[in-house]
4 protein chains.
Amino acid sequence: MSIENKFPGKDISTEDLKTKFPLVAKQHPYHRSRFDIAGIEFGGDHIPIFAGPNMVESQELILDIAINVKAAGAHFLRGGAFKPLTFPYRSERYTETREKGIEWMVEARSKTGIPIITEVMEEKYIPLISEAADILQIGSRNMQNYPFLSACAKTGKPIMLKRHYGSSLRDWLGAAEYLLVEGNQKVVLCERGVSTPHTHRATSRFLLDLQVVPAAQEMTHLPVVVDPSHATFWRPWVSPMSLAGIAAGADGIMLEVHPDPQNAAVDPLQAINYADFTNLVVKMRSVSHAIGRNV
Amino acid sequence: MSIENKFPGKDISTEDLKTKFPLVAKQHPYHRSRFDIAGIEFGGDHIPIFAGPNMVESQELILDIAINVKAAGAHFLRGGAFKPLTFPYRSERYTETREKGIEWMVEARSKTGIPIITEVMEEKYIPLISEAADILQIGSRNMQNYPFLSACAKTGKPIMLKRHYGSSLRDWLGAAEYLLVEGNQKVVLCERGVSTPHTHRATSRFLLDLQVVPAAQEMTHLPVVVDPSHATFWRPWVSPMSLAGIAAGADGIMLEVHPDPQNAAVDPLQAINYADFTNLVVKMRSVSHAIGRNV
Amino acid sequence: MSIENKFPGKDISTEDLKTKFPLVAKQHPYHRSRFDIAGIEFGGDHIPIFAGPNMVESQELILDIAINVKAAGAHFLRGGAFKPLTFPYRSERYTETREKGIEWMVEARSKTGIPIITEVMEEKYIPLISEAADILQIGSRNMQNYPFLSACAKTGKPIMLKRHYGSSLRDWLGAAEYLLVEGNQKVVLCERGVSTPHTHRATSRFLLDLQVVPAAQEMTHLPVVVDPSHATFWRPWVSPMSLAGIAAGADGIMLEVHPDPQNAAVDPLQAINYADFTNLVVKMRSVSHAIGRNV
Amino acid sequence: MSIENKFPGKDISTEDLKTKFPLVAKQHPYHRSRFDIAGIEFGGDHIPIFAGPNMVESQELILDIAINVKAAGAHFLRGGAFKPLTFPYRSERYTETREKGIEWMVEARSKTGIPIITEVMEEKYIPLISEAADILQIGSRNMQNYPFLSACAKTGKPIMLKRHYGSSLRDWLGAAEYLLVEGNQKVVLCERGVSTPHTHRATSRFLLDLQVVPAAQEMTHLPVVVDPSHATFWRPWVSPMSLAGIAAGADGIMLEVHPDPQNAAVDPLQAINYADFTNLVVKMRSVSHAIGRNV
């Protein structure tokens, strides 16, 4: 029995590669997409760092974070202005800043020069966010919202497609194909933790799946970013898993950074502070050099 | 340590019940929503059966199925006219019938009197489908597409909310809260299989989670339907798992029925034929009586 | 590509059936092992019930339970005298009664006539327990302890092989083959919950996998018992999942019964009391009749 | 609610740390066990490499491998002489070499000076293997075979305890406590892949869990080794996941090395050849230096 026959429906077959995601699939073993976004190279030896708060809490905060993460070596400022919630009620602290948040991010960029990425959560905000952001982030809840994927792709803006915590690599690449089929070439994948029987702490909902990095890179030419903050949900594990992501071959690392993590409006257990981020960038740089790449 | 303290973030706590899904949560242990849809009772002793093809392939087919499943005891005709696909390409056989498919379902209803349920996949089709269907089905890929949930709920039409294959009970009930908060009272939950390490056949992607039936019924007053066809993906397991669903307390059973399953346009491994469906209804009726309910 | 080719290493292939577990595999679709243990029929229409405490706490307790579960309709008295523990320390309450516990079970049998099943945990106790018990129970931790499986099988005593919470059907049947290859014909499988990303309560470690019942029965002629107490770890779910087990086709149901569950030495959240057990047997009988079998 | 209260039964609580595994638990945040085995340091900055074939196929092969992996920088020669099998039948190629295999490993050590590690599968071989090997390896199937753990620990020999593919960190540390309670101080943990819903290839049964490295190191002072060969089951992923293991903080890396992987008696998809191993050691050394450690 050939290896090919061993790939059943829930995994990827050579047949899939040809017919299901011909645009996402590699054309030859060394095929890798290389492109730049806001002057930052993706898919080559360079490993961009995305850093910022889970939530754009205020004008001052996002500017302060922009200045600090840029100084420490981040290439993109991340931040949520529109935030999905598992439940329809928001506590006072957890209020979206929405249009204002986007405005503050744009201001932070214009003052510091750092390009920005933020999540677009629904179709009606695509014009606003595609005008403002350098990269549109599609969250895991929307990974299989195909009409939304198409609408985002049609803006022509670079897109980061987060993997759903319950999705196979096959489903994820299928979603990416929905982006590429619209003619959008600048698509970046992002692994952010999967649901498994054991995550080691009750407060940790996910397991960072680093095996998907070489697995995805075997199948697709698209860059694969890793988000250890969201995946681990636990500050002490963010640094080792970021370094592990680099060593596994990740084409980017996304981190939650906040000046005062314990008082962050959201996810206080996982953000790291400026000093920790600065140290981590130094270490990531060091590990990247060890494998012939650079942060 | 109290039991309550043992519920961490990824499971449901009493705190959650009060603040995160106050409308979905039971107000007292015997609290159960009872309502009727198209004259069919939900949430009481009666267990409605939904039957029909995965896909509304043609006008003749859906009428033939409507006649046959109604004769065998089905309460609702199910059928997909708009169908989500994991990949953006459709084979010739797997073409959506879309508006026509909806029209054919409506015609089948008018000729047979059986009410209909069909999936609404994107916002632009909500008016069309909410006018035509008796129940709007929200598929698992859209379970956490919150703006879409709100838009569906605002139609005032009864809704079936399928559980995502990777979602916790907490996430599922949170999504249901998004429906109830719009004032929509007629919400039905539907379990259709979850991703687990082992599903017993390579061709089976999911495991039917029957434990979620008593678990959900412990937390919420909403009816819980079970879909063994999609979950098992394997015809020989559909009958035992349907009966098990009834015995576990399911408030409805959803089945794929096709006159010629092996030549069905979609999912030929899981649909059952008329004779098997007829036999299964008899058995489900028998098991329902054994637990003091009726199909 | 044939269906057969779709079965990869982690699932079962036709090739496996022939070469990996020829003794466990069905020889024809209607092949089912039928045998009796202590006068109780297995593998036919009859569904034996196993009931008793997690732990044989005292002489009085086990006798009282034996009398009561027998009166309510149980066919076997279960009880742990030798108990595995995840950690090497035992609290005072959680002390094994060991040889004495076995003696008390034997006495309960001689006074009531109910046959007994108990776990054998290590090789040195095989002689003791195979002399005393009507069925040797092999716990999930020992499911792949192959030398131990062989030693148990060689006693010629009937064996119940519990599935490990992380094992595939393939691994489980492989373990059963180790028993049959020793010439032992009276082997009963027992599903007791698997590890999955979501179990619905933090206090619930496992999900009862009822899909494995028809799946196993498709592959093997051996009877398949279901243990909802251990799997759900939560009293309110035991009754619905027991009934669901019967309806799914289980060839036996194993339950934890204790006169005062909240004060049981072990697992106080999952045992049911005499009244609940009595009611449940009535319901299980009713469901079994509905599918043409009997409890 | 305190963090501690958020740790339920299936995860680790502070209560657990004190009462369930007091010997395994860290006494203070910087507590790490440091010891040497056969002159090789564990638990400090040094990261030992274990390399060798899945199976000790022949006298010539194991000597050839010993020479080559030692030359490339391996610290321990691994190899299976007694091999567990999921099914009781062995193909001709997959024959254990047993006592002879152990003898050949001892010979390879005496000729090259490289210390050896091999799996001990059952109690009766403990004397033989504890006399021959520098480290006793306990396989995942035996992780919760507690009498066997005790017997191994009592030899006083260093032990590597592999994690079961379905076990929680809590269960794993509980098993380690069974070793430490016998007075054995030289215990090394080894992660070798866990069962999850998605492993990315049908031929890959497991997902390498690198998140467990910082998680285990947060709880216990014992060294944590990572085995990417067995976990990934796929050669192209072994190198990136080995480097990721180092970067995640692993205290050792275990690899399958074979001169002619495609013709290896066992697991031909996962072993790497001498050239690949040599290159990988260079890279692992480089990554280890980047984080202030050394291979």
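Visitor: By a turn of how many degrees can chain A be laid on chain D?

Guide: This is a predicted model, in which local features need pLDDT of at least 70, side-chain atom pairs count only at pLDDT 80 or more, and totals for chains, interfaces and linings use all residues. Residues are numbered from 1 along each chain as its sequence is written, chains are lettered from A and ligands numbered from 1 in the order in which they are written, and side-chain values use heavy atoms, without hydrogens and water. With copies superposed by least squares on the C-alpha atoms of residues with pLDDT of at least 70 in both, chain A is laid on chain D with an RMSD of 0.0 Å and a shift of 0.0 Å along the axis, by a turn of 180 degrees. The two copies are thus related as by a two-fold rotation axis, the turn being 180 degrees.

Visitor: Which residue of chain A comes closest to the rotation axis?

Guide: Two copies of a chain are related by a rotation about an axis and a shift along it. Judged by C-alpha position, the closest residue of chain A lies at 2.0 Å from the axis, and that residue is A:Ala244.

Visitor: Through which surface do the copies, chain A and chain D, meet?

Guide: Contact means heavy atoms within 4.5 Å. Because 100% of the interface residues of chain A are also interface residues in chain D, the copies meet through the same surface.

Visitor: Is A:Ser204 buried or exposed?

Guide: A:Ser204 is placed in the loop between strand E8 (187-191) and helix H7 (212-219) of chain A; helices (H or I, at least four residues) and strands (E, at least two) are DSSP runs, numbered from the N terminus. Its side chain reaches the backbone oxygen of A:Thr232 at 2.9 Å. Buried means under 20% relative accessible area, exposed over 50%, and partly exposed in between, with a 1.4 Å probe and protein chains only. The relative accessible area of A:Ser204 is 0%, so this residue is buried.

Visitor: How are the rings of A:Tyr165 and A:Phe206 arranged, and what is the class of the pair?

Guide: The whole structure holds 32 aromatic pairs over all chains; rings of Phe, Tyr and Trp (its six-membered ring) pair if their centres lie within 6.5 Å, and planes under 30 degrees apart count as stacked, over 60 as edge-to-face and the rest as tilted. A:Tyr165 lies in the loop between strand E7 (159-162) and helix H6 (169-180), and A:Phe206 in the loop between E8 and H7, so the pair ties together parts of chain A that are 41 residues apart in sequence. With the centres 5.4 Å apart and the planes at 35 degrees, the pair is tilted.

Visitor: What is the class of the aromatic pair of B:Phe50 and B:Phe76?

Guide: B:Phe50 belongs to strand E3 (residues 49-52) and B:Phe76 to strand E4 (residues 76-78) of chain B, 26 residues apart. Both B:Phe50 and B:Phe76 are buried. At 5.0 Å centre to centre and 15 degrees between the planes, the pair is stacked.

Visitor: Over the ring of which residue does the charged end of A:Arg201 sit?

Guide: A charge sits over a ring if NZ of Lys or CZ of Arg is within 6 Å of the ring centre and within 35 degrees of the ring normal. In chain C, C:Arg201 lies over the face of C:Trp234, at 3.4 Å from the ring centre. In chain A, the charged end of A:Arg201 is 3.5 Å from the centre of the ring of A:Trp234.

Notes
A polar contact is a pair of N or O atoms within 3.5 Å; within protein, one must be able to donate a hydrogen and the other to accept it, and residues adjacent in sequence count only if both atoms are side-chain atoms.
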